[in-house]
Protein chains: 2
Amino acid sequence: MAAEHAIRPREADVIFGIANRAKQAAEQYGSENIINSTIGALLDDNGKLIAFNTVYDTLKSMDNAQIAAYAALEGDHDYLDASIRACFMDKKPVGHIRSVATPGGTGAVRHAVCNYTNPGDTFLTADWFWEPYQTIADENGRKLDTYNLFNEKNEFDFESYKKQFEAYLIKQKRILIVLNTPAHNPTGYTISDGEWDRIIDLAKEHAANPENKIIFLVDVAYIDFAGDDARDFMPKFGNLPKNIMTLFAFSASKSYTMYGLRCGAIICVTPSEDLAEEFFYSCAHSNRGTWSNGTKGAMHVIATIYNDKTLYEECEKERNIYRNLLKKRGDAFLRSVNEVGLPITNYRGGFFVSVPCAEPEKLCKLLIEDKLFAVPLRKGIRLALCAISEEKCAQTPAMIKKALSKM
Amino acid sequence: MAAEHAIRPREADVIFGIANRAKQAAEQYGSENIINSTIGALLDDNGKLIAFNTVYDTLKSMDNAQIAAYAALEGDHDYLDASIRACFMDKKPVGHIRSVATPGGTGAVRHAVCNYTNPGDTFLTADWFWEPYQTIADENGRKLDTYNLFNEKNEFDFESYKKQFEAYLIKQKRILIVLNTPAHNPTGYTISDGEWDRIIDLAKEHAANPENKIIFLVDVAYIDFAGDDARDFMPKFGNLPKNIMTLFAFSASKSYTMYGLRCGAIICVTPSEDLAEEFFYSCAHSNRGTWSNGTKGAMHVIATIYNDKTLYEECEKERNIYRNLLKKRGDAFLRSVNEVGLPITNYRGGFFVSVPCAEPEKLCKLLIEDKLFAVPLRKGIRLALCAISEEKCAQTPAMIKKALSKM
């Protein structure tokens with residue numbers, strides 16, 4: 001009965017399946033005796049989800065009617081201001097900047113794809129990518145193609161990027177590139193300042209042809225767990241030509257432990273006030289025609305944090321505790337990786353790291369025998385350092401090395 | 001820079017504009033001296049948004065980490081079960097019933113339109129309709145056409161419905177009809193049991209041709225404010241032919257005063273287990289490719305209410321207080337309508353009623369002179385009885401009658 005384009009494979013989500021097996025194993029053997037590295041959220045060393053007190057105290061202190069009310073379609077205006085501050089902090093690019101609320105980062109990617117590509121168009125991302133980018137493409141009648149994220153030196157493969165960028169720009173005269181950075185999911189890679197310069201220079205070169213339209217979508221979901229200099233690249237998007245539009249997918253999910261509250265924004269940076277207005281009305285229309293408005297209480301929490309210096313500082317302090325926790329886990333993991341000589345993706349921080357391999361599902365199965373649960377991707381397996389203790393982070397490289405030797 | 005299909009008119013929302021003027025007038029003259037009949041949410045007689053204590057006590061008693069966590073992509077399973085119970089209560093149709101969580105009713109309409117029509121297709125609704133149906137059509141590359149809701153007797157215009165239904169079914173071999181009932185927004189109309197029989201009989205007649213695919217989307221957003229017999233029509237959707245699929249847009253916004261928490265579901269009723277599965281995977285894919293998962297805390301509140309008899313009864317009791325309040329407002333309005341002889345849409349209950357007129361914007365402007373704020377639609381003006389006191393409900397018909405006489 002569904003329209004043909006909407007008939008989908010009837011298969012359970014792979015991650016969900018493995019996460020379920022991990023849960024069963026935890027019940028059988030005790031959670032301390034297994035390593036569940038499948039969950040994409042920050043857990044403490046006992047496996048409990050971290051939720052900032054600053055965030056939930058604020059939410060719970062709200063008047064019921066204030067939580068109950070509809071937010072504005074485009075997002076409440078104090079939230080939209082706060083989302084811009086939360087996205088850029090003190091590294092705001094020069095230009096016209098507008099924000100429209102979305103339910104998490106996913107909604108922002110959906111709007112970028114639907115509003116800045118044509119039906120049937122292809123948009124680009126790295127070959128290691130967050131699988132829902134493909135789902136968003138499929139759901140909205142677009143195609144996704146990839147460039148190689150890493151060259152033979154395990155660094156950003158600019159040549160591959162350039163080749164794909166130019167091929168699609170010639171063909172479509174319009175190109176959307178989704179760049180998940182810093183602390184890329186699933187590799188932990190962060191595009192460096194020098195790499196950004198080359199990416200932007202290439203865009204400027206092609207922007208000389210006024211027929212070309214170049215749109216970057218920078219998905220910064222993990223930015224607040226990516227180090228103190230994570231926002232240093234942002235001012236580069238100021239003063240670019242008019243036919244380069246930069247969009248940011250802002251998400252409160254990880255930065256404010258608000259995964260389940262569905263709060264994010266799509267934010268544009270452009271030298272043109274006119275194009276910023278165009279962006280605003282386009283995305284506000286998309287809100288109304290897709291999910292209507294967003295979660296009022298979540299917006300209010302973010303707005304309050306950015307309008308109350310004490311609360312803001314407390315929230316930062318709280319996040320820093322867990323940022324350090326995650327940093328230690330990453331360090332422990334990297335130390336063990338070096339000790340055992342395990343080839344991994346170029347991890348520079350964040351929730352995830354991956355191990356390249358030819359048969360990811362097979363590797364995951366072998367690891368389950370050792371009670372280590374990881375997620376199989378297209379090009380390797382993903383480990384969620386965010387979800388396991390420092391001690392367990394240190395143990396996994398040797399386990400993976402051993403399993404690889406059996407393949 | 002936006003793709004051509006995504007460039008939208010740069011105009012402020014009409015309702016928002018008038019609501020803003022009402023707010024200014026309230027500040028200038030005192031809210032007791034104006035009638036702000038623009039707001040689509042249930043307010044008490046002092047203009048404060050009603051929020052059920054049962055709902056918000058449950059939300060606020062949740063563990064922070066429980067609110068913070070991601071919900072399942074398709075919706076948490078205890079919520080999905082609860083959404084089916086909340087939708088049908090004791091009038092569940094016979095058949096295969098599945099539910100997928102959506103952010104409010106809007107998300108359910110979006111999924112029905114995107115998954116059960118083809119790009120470029122036309123779907124049908126009444127000529128008095130909730131304007132976002134048009135936005136959803138525009139946003140997703142579909143068209144909306146209408147049948148006349150009312151005939152010359154101010155009752156359901158079955159002839160017009162039949163004509164449009166058959167025209168599009170012949171042309172498309174597939175037809176989606178969006179029926180906002182009971183207590184239709186913006187007229188307050190409820191399709192009667194006898195009218196439903198004619199609608200369903202017509203569908204069955206055309207379902208004899210197995211090439212035809214007929215999909216009803218029943219938008220029941222206002223059902224819990226539509227009287228005790230509001231669900232009596234529901235069992236009619238059991239045991240229909242396989243090529244008639246019934247979808248329900250369930251919303252917690254009004255029934256549980258959870259407007260800003262974005263909680264709803266799309267629910268299917270079909271005689272075919274296979275088609276119910278198809279529905280489930282189609283809509284779960286749509287979730288992942290549009291907004292990802294839904295609001296965890298909101299789902300938990302609904303699930304808790306339906307798994308705790310005492311809480312359920314308290315919530316019912318709380319809603320009944322306000323249902324009676326709204327009923328009294330409607331009765332007062334109708335009494336005055338009869339006294340002054342004002343022609344209105346056939347109001348049978350709910351949040352809204354409309355007054356047909358040729359120049360809605362002009363009428364709204366005239367009413368603002370008398371400090372009565374209403375929303376101009378295509379075919380008349382909409383009054384939100386949910387937002388004004390019984391006393392004010394009684395006053396408005398004479399005011400509108402007077403304004404109409406000046407036109």
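Is B:R231 buried or exposed? With a relative accessibility of 10%, B:R231 counts as buried, where buried means under 20% relative accessible area, exposed means over 50%, and partly exposed is what lies in between (1.4 Å probe, protein chains only). Before going further, a word on the ground rules: this is a predicted model, so local features need pLDDT of at least 70 and side-chain atom pairs count only at pLDDT 80 or more, while totals for chains, interfaces and linings use all residues. Residues are numbered from 1 along each chain as its sequence is written, chains are lettered from A and ligands numbered from 1 in the order in which they are written, and side-chain values use heavy atoms, with hydrogens and water left out.

Back to B:R231. Its salt-bridge partner is B:D224, with the closest N and O atoms 3.0 Å apart; a salt bridge here is a side-chain nitrogen of Lys or Arg within 4 Å of a carboxyl oxygen of Asp or Glu. B:D224 counts as buried too, at 3% relative accessibility. Over all chains, the whole structure holds 36 salt bridges.

B:R319 and B:E316 are both in helix 12 (residues 309-340) of chain B, three residues apart, or about one turn of the helix. Helices (H or I, at least four residues) and strands (E, at least two) are DSSP runs, numbered from the N terminus. The closest N and O atoms of the B:R319 and B:E316 salt bridge are 2.7 Å apart. B:R319 is buried at 2% relative accessibility, while B:E316 is partly exposed, at 23% relative accessible area. Elsewhere, salt bridges with shared partners tie A:R8, A:E139 and B:R110 into one network.

Now for the place where the chains meet. Chain B and chain A each bring 78 residues to the contact, contact being heavy atoms within 4.5 Å. The area buried between them is about 6300 Å², with 57% of it from carbon and sulfur atoms; buried area is the accessible area (1.4 Å probe) that two parts lose on being put together, summed over both. The count of salt bridges between chain B and chain A is six. Take B:K48, which pairs with A:D63 at 3.0 Å between the closest N and O atoms.

Which parts of chain B do the touching? The elements giving two or more residues to the side that touches chain A include helix 2 (53-60), helix 5 (104-116), strand 7 (244-251) and helix 10 (273-288) of chain B. Helix 10 of chain B has the largest share, nine residues. By type, this side of chain B divides into 33 nonpolar, 24 polar and 21 charged residues. For that tally, Ala, Val, Leu, Ile, Met, Phe, Trp, Tyr, Cys and Pro are nonpolar, Asp, Glu, Lys and Arg are charged, and the others, Gly among them, are polar.

Helix 10 of chain B is also where you'll find B:S282. B:S282 is buried, with a relative accessible area of 1%. Setting aside neighbours within four places in sequence, B:S282 is in contact with A:A2, A:A6, A:R8 and B:N115.

For another pair that crosses between the chains, look at B:E139 and A:R110: this salt bridge has its closest N and O atoms 2.9 Å apart. It runs from B:E139 in helix 6 of chain B to A:R110 in helix 5 (residues 104-116) of chain A. B:E139 is buried at 9% relative accessible area, and A:R110 is buried at 1%.

At 3% relative accessibility, B:T125 counts as buried. A polar atom of the B:T125 side chain lies 2.7 Å from the backbone oxygen of B:V178.

Finally, the cysteines. The whole structure has zero disulfides over all chains, a disulfide being a pair of cysteine sulfur atoms within 2.5 Å. For A:C393, the nearest cysteine sulfur is that of A:C386, 9.1 Å away.

How values were computed:
Polar contact = N/O pair within 3.5 Å; in protein donor to acceptor, adjacent residues only side chain to side chain.
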